[in-house]
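This note is intended for a colleague meeting the structure for the first time. Please read the numbered points with the model in view.

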Amino acid sequence: ARARHIPIEQRGSLTMNEAKTYAGIGHAKARKLVRSGAWRAYPSGREIRVIKRSIDEWMEESARTASH
C-alpha cells in the first residue's frame, strides 16, 4: 500500500488501527466513536477508513472539555 510511505500527519484518512494508535485509545472506544458519528468513516474494501480531520476535531474537543 502506497499510503504507508506518507506520514500520518499528511494523510486524509487512516485505518482503524492507525486511528486508534494516533488518538491513543483502544479498539472498543475507536469503534464506539465511529458508530456514534464522532469520527467520520467510510468502508474501503474490507477495512474501515477514518477521516483524520474528524479525529483531530474529536481530540481538540476532548482537550477543551477536559481543561474545564
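1. The place of R31 is in helix α2, which spans residues 27–36. The model is a predicted one.

2. Helix α1 covers residues 16–23, and its buried residues are M16, E18, A19, K20 and A23. The cover over these buried residues includes β1, α2, β3 (47–51) and α3 (52–66). Just after α1, G24 adopts a positive phi of about 75°.

3. K20 belongs to helix α1. Apart from neighbours within four places in sequence, K20 is in contact with I25, G26, H27 and A30. How far apart in space are K20 and E61? Their C-alpha atoms are separated by 16 Å, and the two residues stand 41 residues apart in sequence.

4. T15 is found in strand β1, formed by residues 13–15. Is T15 buried or exposed? T15 is buried, because its relative accessible area of 10% falls under the 20% limit. When residues up to four places away in sequence are not counted, T15 touches E47, I48 and R49.

How values were computed: Residues numbered from 1 in each chain as written. Predicted model: local features only at pLDDT ≥ 70, side-chain atom pairs only at ≥ 80, totals over all residues. Heavy atoms only, no water. Helix = DSSP H or I, 4+ residues; strand = E, 2+ residues; numbered from the N terminus. Buried < 20%, exposed > 50% of the residue type's maximum accessible area, 1.4 Å probe, protein only. Contact = heavy atoms within 4.5 Å.
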